[in-house]
Amino acid sequence: MSGFNILFVTSEAAPFSKTGGLGDVSGALPAALADSNKVIVVSPLYSSINREKYGIKLVTGGCCVHMGNCEEFYALHHTVLDGVDFYFLEFDKYFNRTGIYHTKAGEYGDNPFRFSFLSRAALQVAKDLNFRPDIAHVNDWQTSLVPYYIKRLGDPFFADTKSIITIHNIGYQGIFGTEFMEYAGIAKDDFNAGAFENFGAVNLLKGGLAFADKITTVSPTYAKEIRGPIGSSGLHELLNARGSDLAGILNGIDTGVWNPAKDTYIPYQFDVKRLENKTKNKLELQKRFGLIQDEKIALFGFVGRFADQKGLYLLRDACVRAMNEMVCQFVVVGSGEQEYEEFFSALPARYPGGVGAFIGYSEELAHIVEAGSDFFVMPSLYEPCGLNQMYSLAYGTLPVVRATGGLDDTVDNYDESTGGGTGFKFEAISAEALFNTIGWAVSTYYDRPKHIEAMRKRAMAKDFGWKKSADAYIHLYKAVKGLV
Ligand code: ADP
């Protein structure tokens, strides 16, 4: 029992609000920490959050926080989920709108004001609740002012509070013009190249990295990559300067939702002892997507955002070449950039019975693809952690991945001589490398089926639950408090 008071501040937390991995982590990690610590999460009460469904109740309407040049009045709401106290800030000026960060028309222009408020008010909430945090754990640029406030405001209430900032994707740094600095209370002296300044603009993440006591990111390999000029989006010098305070801790997956033995989205539940049910899911998947129903054809799945980061142009070219030159099938589920939506929605007509596509977001199809595919393709250019490859492993669906970030950390490459490994990896950012690796998976599938079966079983035995991650964070909290 470590027994820390942990203040967890986040701009999104599933199931209340979510746009991506940050939401998943903020929903799951606090619960895993709460087994042995007292955790409160502070997040905005976006108007999209269903208060009734989650039992969110008003605590008090009369809260006030001093921003740099004014007082802001807001209301505090609360609910408990999985043993965690979630506190929500109701502040219509900033959070009563349709999107979380943006609408179709683009980013909200007042985002730096909105999230400076969140960061400052989160500390105020802790104070008002008389919750003295041992640890303030914050996430990405949206809450990266918290470490700064702890260090610079000199409030004795937080004298013993240590701050941890987690980078979920360094591609998003929160870079804005200087006009919100006064509101946020960023001192002119801290607007320098070692802290918030970024070519004349304010870089919120950079400031957070400069002031936090420890920095984490979501996989060990990504922690290395962001120290290099290519992976850091410009922050490698600062990250190298803070190198001894930087750690990579893998995200977990929600094993309550992603468990093939209990998954209610899939027609046939299965586990290592019932792999024949995986084959039944495959036949069902083929049927759902209009593919030739044949359990013997190697089937590749993809689920994800259609964004360059995900290596979509590699998938586009390699998929066409594979369909022309090999006996295999593809199922693609996703949405995003129009170019890829158009391309993949047209592909089933080019390869009838061979390629299936669903353009859009479907939780159900994501589960069915994970359950029914033989292989899962993730040719990401970079991948801080990645969830889908872990889901795939849990479902005995062997990942075909570029060896980057969390993909490299979670997938063990196939060894033809021993049959070892849990997937197929490649290094080069090229459609040819992906095509060759798909070919390697296909030939293994047809020529060495015993290896495939052993790999599936090995993959399904891996533990990607949150407990391991939570233990690693607790170890870090102990380290920053000087307890280990
Ligand atoms: P990222 O957070 O960069 O998008 P991750 O692999 O970490 O990538 O997580 C993406 C999550 O979103 C996964 O759970 C994935 O299944 C889900 N997802 C993405 N696109 C879709 C879609 N079109 N339909 C269903 N689920 C999707």
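A pocket is an open set of grid points with protein on both sides within 12 Å along at least five of seven lines, and its lining residues have an atom within 4 Å of a point. In this predicted model, the second largest pocket is lined by 15 residues, with Thr-279, Glu-295, Asp-374, Tyr-445 and Arg-456 lying nearest its centre. The volume of this second largest pocket is about 410 Å³. Its lining draws at least two residues from each of α9 (276-288), α15 (431-447) and α16 (449-460). Sorted by class, the lining of the second largest pocket comprises 8 charged, 5 nonpolar and 2 polar residues.

The structure holds 39 aromatic pairs. One of them joins Phe-16 and Tyr-54 in an edge-to-face arrangement, 4.9 Å centre to centre and with 75° between the planes. Phe-16 belongs to the loop between β1 (5-9) and α1 (21-33), while Tyr-54 belongs to the loop between β2 (38-44) and β3 (57-67), so this pair ties together parts that are 38 residues apart in sequence. Phe-16 and Tyr-54 are both buried. Another edge-to-face pair is formed by Tyr-445 and Tyr-446, at 5.3 Å centre to centre and 80° between the planes. Tyr-445 has a relative accessible area of 13% and is therefore buried, whereas Tyr-446, at 34%, is partly exposed.

Tyrosine rings also meet arginine side chains. The charged end of Arg-97 is placed over the ring of Tyr-108, 4.6 Å from the ring centre. Likewise, Arg-120 lies over the face of Tyr-149, 5.9 Å from the centre of that ring.

Technical notes: Residues are numbered from 1 along each chain as its sequence is written. This is a predicted model: local features need pLDDT of at least 70, side-chain atom pairs count only at pLDDT 80 or more; totals for chains, interfaces and linings use all residues. Side-chain values use heavy atoms; hydrogens and water are left out. Rings of Phe, Tyr and Trp (its six-membered ring) pair if their centres lie within 6.5 Å; planes under 30 degrees apart count as stacked, over 60 as edge-to-face and the rest as tilted. Helices (H or I, at least four residues) and strands (E, at least two) are DSSP runs, numbered from the N terminus. Buried means under 20% relative accessible area, exposed over 50%, partly exposed in between (1.4 Å probe, protein chains only). A charge sits over a ring if NZ of Lys or CZ of Arg is within 6 Å of the ring centre and within 35 degrees of the ring normal. On a 1 Å grid over the protein atoms alone, a cavity is a set of points where a 1.4 Å probe fits but cannot get out, and a pocket is an open set with protein on both sides within 12 Å along at least five of seven lines; lining residues have an atom within 4 Å of a point. Grid points are joined across faces, edges and corners, and a volume is the space filled by probe spheres set on the points. Ala, Val, Leu, Ile, Met, Phe, Trp, Tyr, Cys and Pro count as nonpolar, Asp, Glu, Lys and Arg as charged, and the others, Gly among them, as polar.
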